[in-house]
Amino acid sequence: MSVRLVALLVLLVLGCAHSPAPPPGPRVLAGSAQIQRAEATVELTLRYEVREGSALEISAELRGGGSGSVGAVAVELRPDCFELAGPAAWTAEVAAGETASNTWKLRPTTEGIARVEVRHGLAGSDLDGITTAAFRVGADAIRLCATADCAGEAP
């Protein structure tokens with residue numbers, strides 16, 4: 001191998017090994033979901049942020065599109081091994097071009113695996129849209145589990 005190729009490989013390995021931590025702030029929890037009725041749409045985006053003092057925040061943002069409104073949308077958190085501060089359910093209606101958001105604050109009740117199930121749908125009907133996220137809770141950190149990282153572990 002040429003010296004240039006070896007040097008390039010070394011730089012790539014070192015660059016990957018020392019890549020900076022992701023910037024602070026909310027991160028997308030899962031892909032967005034969309035609810036549609038006639039010409040109106042609502043896009044739901046879920047985000048999470050780990051706060052100082054072993055706290056987790058889950059936020060939901062509704063963004064109206066198309067024309068008109070789909071009606072009221074309900075979002076409900078169902079935490080497992082987290083204590084939820086405040087009501088678990090939130091309902092809002094947004095027309096095209098409008099947004100609305102809500103944030104839930106959670107604290108872990110134990111170390112290990114904790115899960116949050118987020119259900120959403122049109123208010124007054126079954127909340128059949130479901131997103132589930134697992135978090136590994138340690139003495140000094142909370143982190144989102146990768147796909148197989150927490151599989152098979154009970155909360």
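Q: Which strand is Arg-115 found in?
A: Arg-115 sits in strand 9. Keep in mind that this is a predicted model.

Q: Is Arg-115 buried, exposed or partly exposed?
A: Arg-115 is partly exposed, because its relative accessible area is 21% and buried means under 20%.

Q: What separation do you get between the C-alpha atoms of Arg-115 and Thr-132?
A: The two C-alpha atoms are separated by 7.0 Å, with Arg-115 and Thr-132 lying 17 residues apart along the chain.

Q: OK, and how many residues of strand 9 are buried?
A: Eight of the eleven, so strand 9 is mostly covered.

Q: How many bridges join strand 9 to strand 10?
A: Nine bridges link strand 9, residues 112–122, with strand 10, residues 129–137, and these two strands run antiparallel.

Q: Which residues in strand 10 are the bridge partners of Arg-119 and Ile-113?
A: Arg-119 has Ile-130 as its bridge partner, while Ile-113 is partnered by Arg-136.

Q: What about the turn, how many residues are there between strand 9 and strand 10?
A: There are six residues between them in this hairpin. One to click on is Gly-124 in the turn, which has a positive phi of about 85 degrees.

Q: Now strand 5. How many bridges join it to strand 9?
A: Eight bridges, with strand 5 covering residues 73–80 and running antiparallel to strand 9. As for a pair to look at, Arg-78 stands opposite Glu-117 in strand 9.

Q: What's the order of strands in the open sheet?
A: The order is 7-5-9-10-11, five strands with antiparallel pairing. The edges are strand 7 (89–92) and strand 11 (142–144), each of which pairs on one side only.

Q: And what does the twist average?
A: From one strand to the next, the twist averages 25 degrees.

Q: What share of the residues is buried?
A: Buried residues make up 34% of the 155 in the protein.

Q: What about contacts between residues 24 or more positions apart?
A: Those account for 55% of the contacts with a separation of 6 or more.

Notes: Residues numbered from 1 in each chain as written. Predicted model: local features only at pLDDT ≥ 70, side-chain atom pairs only at ≥ 80, totals over all residues. Heavy atoms only, no water. Pairing = 2+ DSSP bridges. Helix = DSSP H or I, 4+ residues; strand = E, 2+ residues; numbered from the N terminus. Axes fitted to C-alpha atoms, helices over the stretch in contact; angles between N-to-C directions. Buried < 20%, exposed > 50% of the residue type's maximum accessible area, 1.4 Å probe, protein only. Contact = heavy atoms within 4.5 Å.
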